[in-house]
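Please look over the structure shown below, and then work through the questions that follow, taking each answer slowly.

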Amino acid sequence: MIYKSLKLCVLFLFFSLIQISTVSAEADLASGKALFKAKCASCHNKDMRSDLTGPALGGVEERWEGRDEVLAAWIRNSQAVIASGDKYANELYVKWNKSQMTAFPELSDADIESLLGYIDGKWKGTYDTPKKEEGAAGGTTEKKNNLPLYGLIAFVLAALAIVLARIISNLNHMIAVKGGASDAVRPGLFESIGGKSFVSFLLFGLVIWGGYTTVNNAIGLGRQQGYAPEQPIKFSHATHAGAQKIDCQYCHDGARRSKHSVIPAANTCMNCHKAVKNGSQYGTAEISKIYASVGYDPTSDTYIENYDQMPQDSIKRVYQEWFKSQYLKEKSLEKLDRVGEDLVETQWSDIVTSLTGPQKKKIGGPIEWVRIHNLPDHVYFNHAQHVTVGKVNCENCHGKVEEMEVVGQYSPLSMGWCINCHRETEVQFQDNEYYNSFKIYHDEIKKGDRTKVTVEEIGGLECQKCHY
Amino acid sequence: MKNQKNEAWVGISDKTNDPDLIAQIDKEFVELPIVDTLSDEAAIETPANRRDFLKYLGFGLGAATMAAGCDAPIRRAIPYVTKPDTIVPGVANYYASSFVDGGDYCAVLVKTREGRPIKIEGNSLSSVTKGGTNTRTQAAVLSLYDTNRVKGCYSQNGEEMTAMNWAEVDKAMGAKLNAGSRILIITNTILSPTAKKALGEFTAAYPNAKVVTYDPISSSAMLEANKECFGDQVVPAYHFDKAKVIVSVGADFLATWISPIEYAADYSKNRRIADYTKAKMSRHIQVESMMSLTGSNADNRILIKPSEQGAAIANLYNEVAALAGGSSISAPAINADAKKGLKAAAKDLVNAGSAGLVVSGSNNVGEQVLINAINNMIGAYGNTLSFSGASLQRQGLDSAIQGAISEMQSGSVDTAIVWGANPAFDLPNADKFAAAFAKVKNKIALAYTIDETSALCDHIIGVHHFLESWGDAEPKRGYYSLIQPTIAPLFETRQAEEILLRWAKSNNLNTNSDQPYYEYVKNSWKGLAGGFASFGSFWDNTLHDGIYEAPKGSSASGFSGNVSGAAAKINKPVNSELEIEFFESLNIGSGKYANNPWLQEVPDPVTRCTWGNQLTVPTHWNGSNDYETFRGIGSRNAKSHGDYVNMGIKGREEKVSAVPQFGMMRGTLGMGIGYGREVVGECGAGIGTNVYPWLSIDANGNTQYYATNVEVSQIVGREKELACVQYHHTMGLTGSKTGSDEVINVDEEILAFQGSLTDRSIIRTSNLDELNKTVPALVKERGHHQYLNDQTLYPFDEYSEKLYSQGHHWGMHVDLNACTGCAACTVACMAENNVPVVGKTEVHRHHEMSWLRIDRYFYGDANNPNTVYQPMMCQHCDNAPCENVCPVAATNHSSEGLNQMTYNRCIGTRYCANNCPYKVRRFNWLDYTTADLFPGNQPHINDEKIPFGADNLTRMVLNPDVTVRSRGVIEKCSFCVQRIQEGKLTAKAERRNLADNDVRTACQTACPTQAIIFGDVNNPNSEVSKRIASDMTYQVIEEVNIQPSVNYSMKVNNRSELIDA
């Protein structure tokens, strides 16, 4: 009885395997591609659009006006067709300076059919990517169905394992009984599969799974896409870059000439904020932090002398006076009310918490912004290369900053992300004399064999472009 | 065997096929002397067991989990409050300035990033140093961040130091300095005209003050001789570029003597060969007793004992006089070989006439007068040396400091101000100085580091480093150079000149100004230079250029030396069995640079030893197949052990480490000056042996840098950690077969036939006369190599055509004939690329990290060999053996021909280093850069409290564009890829073709002789392409088809058979 069930299992397994192997048996355009590569690609351009040693093959069937047998004969032996006096064949022969096409007598009708199919598909763009290739190959969309299949295999294997385990334990039991052990008890299902090997197998599986998960998660360590920390000053890019349309490089003036885009110095802020003293969102609260950083007295419109030696109480007086006057002006009051007093107090304490820290005791001095884009130390990135030379727009990497109230990291800043962009981005090749040294590419562009040069093609994926 | 032209060797071990060495070469990573270590440290006896392993594993997992669970630290981005207009964060600024330390001078450009100096380059506008540098100049940027710097003002009472502020100092000095008090200001040579003006104001305010100038490595006798002969107490201007025959009697003018950068640049002009069919080069004859760097570059060396130097000069004088028709003088007898050699040399000199030049490092007045007389006889004055534009780089008189010692001894000195000098260390009678100094009532040190002298002072006043200072220099008459600060003072220090002016209560110093001395210098220059329309624009231009040159003539009269009187004054040969020559060491100098670890770690070019001064002892061929060394020292030193001997001179006996050295006179020893500092900071303390007490003073009061009647014991012990790199990373050499004269590859005999590896093409040499034979032979041989390489199955042409033929392809050319081995490039490379310092122990274990080493090979006559220096760095092979073996593709090739090393991908298998035929890959065995989490991995290089480089002050020198490597990764020369990328970006941004000047590697810019040229080989008009096209170019080990990108040119010597005979 045991053996019977085993047989059944094996049969079942066999059939399911056969089923898997037949799924991708049919092939026609794929073999056409293989044939094209093997036989045609040395003379005919694989884009089917431009000429090489031989003419572009796109639309070849139309050109032969559907005379498929003649075309097939031409492919097998063009000279024979020319000798037969075919008009189009002779014209073609003369047009291409009487260069002979290699004969391929070994090609079968099916071969030629699939070859022409591939050429047509490639030309019309229906045969573009490997994904479409699978689709065009007429097979099933097996990728989506993989999971149940694996589940099935797993189930079958598990069943097999249990069956085998049962067999072994039963045989052991039989030996024990034959050996005269009268007290032998036939082991139960769980006892028979709970052996050492099973546990170690389970452990092995766990380790593999654990390692896989760990690696996958470790890759993400240190990446902080979407990181949008609170800054010491609630600076709004939406207001400055969005509503006011200030150019990015007005403040980030390093981007065009340095590796760093540079966070602007407080005196850059003062260019405008000497005049703009009340913000649209936070009133005096946030802009006063700039004043407190550089030591500017907005009441008298002067920079405070010896500000770095000024005691905190005096600084407090200056800015509280300013908050008070602004509040009174806004509310048209003569004297501070309770709300006003609170406001003056909170705005001051906000300045203190924003501009001081464990390392920095003084209010005056640089504003310690929280750095959002952190590349590892072994990565070299240069803004000037991308902004000035590559003419990459800021938003390509930083997103729509002009819509961000609080700026966050838009891109993953992972190596894969960098590499991908280098693969796709076109080099500003034509109007920059520097690239003259790439003679081959220039020649190819001139001949029309090439329309663009990507960063990858001038070495943009090489390690020491970014790591040194 | 005496003269084997085809043989090149490093030392005795490879010449004699020492099995130890062969075994060592066999292994890429030399077996570490673990047995030695274990016997020293019992703690290591217990090996790690399984439980330990599990413990560490558990800890590791726990730590990783914790690290993963923690939030990433918040990083801050802190902008300026008010951004200076000139600074763009991320972009380097260069400021023209001058490196000045005593008489050492170099016009420099200082590279600063975000306001801190990180690299020093030469200023090519200067016609003195011509854009070259040397090791000391390159390393000066690290001394700015020396942890031993004086960080303010202190009063010192015994061991106790009390900090003072400037107001207290000025007040205290006001009380102590009186108009009548006797004040001595003790300094080394001062090059600055403005500083001299300030000293003038000080001596005017205190009429009893006197400035005492001396130089630890003195040219005192030359100054006196020139005063006697020409009435001008200066060092003349030497024009080595005009000299066709140079005879140097003990002057190490390419390494240390007076103005080596200038001399090396001039010298190399006549040593290069552009076209071998019309080859001409100068002949350089060095008369010396030990092998100096200059001697190693010479064509012929005439060996004498140190005490024979005077006799050699007198003999040379007589030989020249005999040919030129002068009267002879009484000359003491000299060894027969030297006599013959000098006769031939004299003939060359007289034939060269005014294109001859004789120089001498002698510090004996009589000898220097005779040198002047010889130059005068051949008519050299006005051509190869002159008094117009005379050098001011040595101004100190030995008699001055000796006089000062006597005066202090008498107790009549009220105040002594020691400014930038260290007489308590660098005088032959430093102990006498210290005793006399103690009698001075008020002792003040104006110093930027604590040294032996400031330790004796009552007040230590911190002064600026030159990179924080304003100032000027006049290294040669009329050649002015400005010093400008490149960083705000790091500590509470002041400019020394300003301190003196304040104490002198000068009216010309505007003490209310932000930078009083800046205004003072500016005002001083108004008087100093003339002929400008507006001073403002003149000043701005000069400050930009860094130099202002208006060569001045000289008031020197014609030669009027008393030759026969001089002959009587020369040092006479002494009949002593053993004599010793003391030489200024290339890197440490007089001892000033001892606390600079870069300079400690750069090998001495000749002995190839680091971290200490070794006694060099002669090695000679014994006539058969072996080499005998003095007392058998180091005859088997492949495994880097030194032998200790006890050396006694004048009753002072010291245990010193000794190594054998080729090319030394029998009965002569050599030893470097400047080591053995005691009060110098953690890095340099106790390194090497102090030789100053062994120097003597002659009848004229001049220091003599040799000693006779030296007693040396038999070997008394073994220095376990001799840090000598001569057999590190050796590439395998040709040697001679045991028992015959047959030239073979040294590892061929043991390792059996190596295929094409035998007959390795590492070094190519030729005599000038034979170029017509050797160069065509080289071309033919290269053609054969090319043929063999073409037989490869590797599809190299495919890469060549598709990848390397467009864009850039970087290449380098090293002219072995121009390279003097000065090692400036090595230090420049360390500074540019954040190459870590590893310390003596690690160097001993073959773990030095330098990306660029300078291999030194001897060739020719075993007893008096010629030398070739070969800078060796990653050759960026286009068919690189290292790339194929990396399991993780951490090293691979770029389309620009760079052999890329990606640290973050490297897992440390070291296969690449194992497979590199040039041995240029370096592995971070320990956490040398102190970037690691675990302090146990950080080496201490000289028993410091915290590892070198862990200090935030020291870390300021790091180049922010280069990754600081951590433990467990391989690193190597990157062709300064950061500079390549920067240069390309500049060209791209300016939308123009890349020019040769856009990309210059650190080694290239450092080189005083332009021996190294880097550039784009794909550009046929680049300098490097033109040089590679020369028939004298070859590539090292090119026959194995690894397609290196670095090219060398054949070393040519102009050795005269007549001088040898």
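Q: How many bridges join E3(A) to strand E2 of chain B?
A: This is a predicted model, in which local features need pLDDT of at least 70 and side-chain atom pairs count only at pLDDT 80 or more, while totals for chains, interfaces and linings use all residues. Residues are numbered from 1 along each chain as its sequence is written, and chains are lettered from A and ligands numbered from 1 in the order in which they are written. Strands (E, at least two residues) and helices (H or I, at least four) are DSSP runs numbered from the N terminus, and two strands pair if DSSP finds at least two bridges between them. E3(A) and E2(B), residues 76-77, run antiparallel, and the number of bridges joining them is two.

Q: Which residue of E2(B) is the bridge partner of A:Trp369?
A: Strand E3 of chain A covers 369-370 and supplies at least two residues of the side that touches chain B. Within E2(B), the bridge partner of A:Trp369 is B:Ala77.

Q: Which element gives the largest share of the side of chain A that touches chain B?
A: Counting residues as in contact if their C-beta atoms, placed from the backbone, lie within 7 Å, 48 residues of chain A meet 43 residues of chain B. The largest share on chain A, four residues, comes from H18(A).

Q: Which strands stand at the edges of the open sheet in chain B?
A: Seven strands form this sheet, with mixed pairing, in the order E7-E6-E18-E17-E16-E8-E9. Two of them have a single partner strand each, so one side of each is left without a neighbour in the sheet: E7 (160-164) and E9 (209-213).

Key: Two residues are in contact if their C-beta atoms, placed from the backbone, lie within 7 Å.
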